[in-house]
Amino acid sequence: METTVRNKQVILKHYSKGFPEESDLMIVTAPYTMELMVKPGSSAILVKNLFLSCDPYMGTLMREPNSRSSELPVETLALLDVFVPGKPIAGIGVSEVIDSDEPAIAKGDFVWGFVDWEEYSTINSIGRFKIDININVPLSYYTGILGMIGLTAYAGFFEICSPKKGETVFVSAAAGAVGQLVGQFAKLMGCYVVGSAGSKQKVDLLLNKLGFDDAFNYEEEPDLNAALKRCLPQGIDIYFENVGGKMLDSVLTNMNVHGRIAVCGMISQYLIETKEGIQNLSVAVYKRIKMQGFLAFDFVDRFPKFLEFVLPYLNERKLVYVEDIVEGLENGPAALVGLFRGQNVGKQVIKIV
């Protein structure tokens, strides 16, 4: 086995303006060699990265700090490594341990957590989760359903929305990484589930593979309010919010009394300069609607409980998990940028080969 390498990385070339472009990122090979071992006494862990996750929040971190300061509070930024021009971008990754000076993590172990977008990384054990290889699932699942994505879906739906059998559930961006799981969790709880997505292919996926009761393509709906009334004439008890803007405004008028809204994301609003205003927020008052934003980090202590819930359903094949895997670190920028144009179907993942 080679003892040194020249590390390939995806770096932020310059801050993005508006929607990210491939030209904002650059593939580089480090000019220096990297030793494939850690120094004794360093408590460091050397890993080979195998899978990298593409997620919407990464687009916000590609913007100049002043332009996102009003969107991300200090306590949120502290949880994430802010992208810096000339440095690698970062996200959730699955890695194999090549060498370790950390007693709890040994050579040959597999771990998941935040890593730079590069072939090899030197990390520490903070925020690192060791993978149980006795669980017979693809390693890529730890970028999604068995990682922060799965916890996000679980916490938002169960901890915030407290679903009851027979309730109506609407999920926006329902064919995405989180949305596909929320919809299936809702079906497992005996709810009536409707999803929206941005293409016929994605709507077909929701109806024919993921088990949604109904779905619509928002790109083909001139009147979102009418689409919601058509698909959910009985109103909406639970809305899992991934989109924001006009979709949220239309949902508010269709919510039932004592409805719950888990605000997971607002992808339509992240990268536009002038945010769309919400006209129907007063509905939340007289319908007594609970509306709560959240981050997966808020519920890390629920992670064991989440695994106890989701693993039996996976093993029994009662959950379908759709991934969109692109091979090669050099194809990472196109995959990440495509996320903001709706090009992915399911969880977007980079496989480093």
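Author: A residue is buried under 20% relative accessible area, exposed over 50% and partly exposed in between, with a 1.4 Å probe and protein chains only. The model is predicted, so local features need pLDDT of at least 70 and side-chain atom pairs pLDDT 80 or more, while totals for chains, interfaces and linings use all residues. Residues are numbered from 1 along each chain as its sequence is written, and side-chain values use heavy atoms, without hydrogens and water.

Reader: Why is W112 called buried?

Author: The relative accessibility of W112 is 2%. The cut-off is under 20%, so W112 counts as buried.

Reader: What makes F129 partly exposed?

Author: F129 has 22% relative accessibility. This value falls between 20% and 50%, so F129 is partly exposed.

Reader: Why is the pair of W112 and F129 called stacked?

Author: Rings of Phe, Tyr and Trp (its six-membered ring) pair if their centres lie within 6.5 Å; planes under 30 degrees apart are stacked, over 60 edge-to-face, and the rest tilted. The centres of W112 and F129 are 4.4 Å apart and the planes 10° apart, so the two rings pair and the pair is stacked.

Reader: Which parts does this pair tie together?

Author: W112 belongs to strand 7 (residues 110-116) and F129 to strand 9 (residues 129-130), so the pair ties together parts 17 residues apart in sequence. Strands are DSSP runs of E with at least two residues, and helices are runs of H or I with at least four, numbered from the N terminus.

Reader: How do you know that strand 7 and strand 9 pair?

Author: Two strands pair if DSSP finds at least two bridges between them. Strand 7 and strand 9 have two bridges, so they pair, in the antiparallel sense. W112 stands opposite F129 there. Strand 6 (residues 90-100) also runs antiparallel to strand 7, joined by seven bridges, and G91 has V115 of strand 7 as its bridge partner.

Reader: Which aromatic cluster holds W112, F129 and F303?

Author: One aromatic cluster includes these three together with Y154, F157, F158, F185, F306, F309 and Y313. The structure holds 18 aromatic pairs.
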